[in-house]
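Let's take a friendly walk through a protein model. Have a look at the sequence and the 3D view before reading on.

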Amino acid sequence: MVLVSAAREYVNRMLQDISGMKVLILDSQTVSIVSVVYSQSELLQKEVFLVELVDSISKSKESMSHLKAVYFLRPTLENIQHLRRQLANPRFGESHLFFSNMLKDTQIHILADSDEQEVVQQVQEYYADFVAIDPYHFTLNIPSNHMYMLPAVVDPPGLQQLCDRIVDGISAVFLALKRRPVIRYQRTSDVAKRIAQETSKLMYQQESGLFDFRRTEMSPLLLIVDRRDDPVTPLLNQWTYQAMVHELVGIHDNKVDLSSTGKLPKDQQEVVLSSEQDAFFKANMYENFGDIGMSIKRMVDDFQQVAKSNQNIQTIEDMAKFVDSYPEYRKMHGNVSKHVTLVTEMSKIVEERKLMLVSEREQDLACNGGQVAAFEAVTNLLSNESVSDIDRLRLVMLYALRYEKESPVQLMQLFNKLASRSPKYKTGLVQFLLKQAGVDKRTGDLYGNRDLLNIARNMARGLKGVENVYTQHQPLLFQTMESIIKGRLRDVDYPFVGNHFQQGRPQDVVIFVVGGTTYEESRSVALQNAINSGIRFILGGSVVLNSKRFLKDLEEAQRIAKSSTNVV
Amino acid sequence: MVELAKAHAKALMPSFGDGKEDQLTIEGLTQEITGLLRKSEKQLKRLAAAGPSEDSNVRKNVQRSLATDLQNLSMELRKKQSTYLKRLRQQKEGQDGDDLEMNLNGGRSIIDDDNLDDMVFNEHQMTKLKKSEAITVEREREIQQVVESVNELAQIMKDLSVLVIDQGTIVDRIDYNIQNVATTVEEGLKQLQKADRTQKRGGMVMCATVLVIMCAVMLVLLILKTILF
């Protein structure tokens, strides 16, 4: 809630003091940032009658001096160049410049120099440099995400770019929250350490004035972890509504693109899934697939009743009532068709890829023991013709991650079988994954089999049986959050940066996952916050992963690693 | 709108008089407001039809925001009218009921008294009935008028609802609109280029060039002929 409202507040402040007709100029990143928190109709209410991208605007030549230009951009080199050109030949009456992060002095000088006609009325920094997709979940949509898997020597500028963007995003979050945190990072990850140190330097040394907020009792905690500590969660197939849609179809900035999945009516090809605007979605986004079916059926029944009463128009009074309730009726109709379409598409995909079968095996691999049984089951599924290539790859990866050390012979057999079965499989991807996120590289107790207490807990759970086989997996993040709540996050595994220290439990925790978050983890965070244990968690990542994206990042990283070793 | 609300309230207050002027003011105000709404709608439509241009997007967006405002206003007006209507109906029934009751009571008490006065009191009853009939007829007429204006507004609302954006749908997303603008502008450019090419390649240009060349040739021949002769 707090991130969404902070971003909205910034946009409001940008628009409210400027009277008259306005044009809002954004760059490709700030478009995402603004679109998830502000709607077109709200912009229209604030008299913003045109929205353009800063790079496309230079191609047009018509001057619209009756409009006032409101620029909201990230302070990057290209944007400053675009601005220079546009300030030199202004198309609009006035210009108000807003930046989503801190401007360097040199950049301000450049802008001032190119403003010959003095159209710039104000320059401000509004720190909305993150995409607030859910109340407790933000992302940064970084395209070069895969760089985090490579050591620094491979591509130093690329990795620097990634780290800079992450540091910018995290500092914007804390500036929006108006707090300065204590920083901890995952010991085994170099990227996490680097980002933690750079963030600390920024907040405590370089810009300490800017971050010097009123100190409350307990500083908030910023915990930076690495995706590779829990590679299992992005590989699993999901069965709760929001996570499932992202896994099977793909959600980007709260939009779902259904145009590739068969013929659909035009207004259903791209739909919006936002918990802020859709009450049904807000109530059901964390429910599992079976329960969603029931809720949708109830919604359709309600809608049918309303539709029936609308058809029964006899008197003028009825007509008047119908026209009164027509806008709501239309909205309900749109909403119902949207959810029905989504669930239909997902059921189709589940049926095609035999996901019930595959996912059961995946959950077993992730949660329960028994190497021999697992090996047999995976081999069977590999031989099954109707299982798709990507699912086979995921099964072998999950098996490899768990039984890496037990029986290497059988592991080799699985690799060979996979290579022979799936022609598109890039050889060595599983091995690459093991090199990145194998048992030696992981800090956390991913399978709950490191210390006695966890083993005992697992056995008890096995005896008790689970409610739903398909949703038994808990992401590692859940355990991390529990340790923080109990105040028992180990210093050995998650050290503090520099000389930071914190006694006791923080009240606000921001967990940033380098490499991307998943909707399963954001669900975990939201459910944890709902329990109201006195600590509020916010989750953020460089992207939002599903299995396709995670595998793509792996492939990209592998390709770059291979080409760099060839060069060396 | 505020004036209309006040007029409604005044008319609804139980009064001893006929209340004709109140009705007239209400009618007048309602018609005025409906007229204004319809005029705004026409102007809105004109805004759209003013041809494509660079700031057609601006136009479209202005249209949308004004349409939303108009729709809200007309919904408000309709709500006020329907409540007025309802209360009017209640009052009418109440009045009729009262009249009838009065008649019955009057009738009973008088019958008890004197049988000689029967005729006189029957007449009394008749006049009372006629009066209440007249009132009923008038009320019905008023209700009919209000209903008419309600229908007019309904029509306007339906027209407007096509323009207004549904909140929460994909059309309400800023990034979707930007994408669409880019694609439509590109499409337009492609069409223009194609048209340009077809025109250049067109038969007309060929014919014209051929004719010009032939004219030049003929001219040269003419000059040669005069020189030779």
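## About the model

This is a predicted model, where local features need pLDDT of at least 70 and side-chain atom pairs count only at pLDDT 80 or more, while totals for chains, interfaces and linings use all residues. Residues are numbered from 1 along each chain as its sequence is written, chains are lettered from A in the order in which they are written, and side-chain values use heavy atoms, without hydrogens and water.

## Where the chains meet

In the contact (heavy atoms within 4.5 Å), chain A takes part with 39 residues and chain B with 33 residues. One salt bridge crosses the interface of chain A and chain B; a salt bridge is a side-chain nitrogen of Lys or Arg within 4 Å of a carboxyl oxygen of Asp or Glu. The partners are K255(A) and D175(B), at 3.6 Å from N to O.

Which element gives the largest share of the side of chain A that touches chain B? That is helix 12 of chain A, with 10 residues (helices are DSSP runs of H or I, at least four residues, numbered from the N terminus).

The structure holds 5 cavities of 30 Å³ or more. On a 1 Å grid over the protein atoms alone, a cavity is a set of points where a 1.4 Å probe fits but cannot get out, and lining residues have an atom within 4 Å of a point. The largest cavity has about 120 Å³ of space, the volume being the space filled by probe spheres set on the points, which are joined across faces, edges and corners.

Among the residues lining the largest cavity are R227(A), Y494(A) and E521(A). Helix 19 of chain A supplies the largest share of this lining, 3 residues.

Key: Helix = DSSP H or I, 4+ residues; strand = E, 2+ residues; numbered from the N terminus. 1 Å grid on protein atoms, 1.4 Å probe; cavity = no way out; pocket = protein on both sides within 12 Å on 5 of 7 lines; lining within 4 Å.
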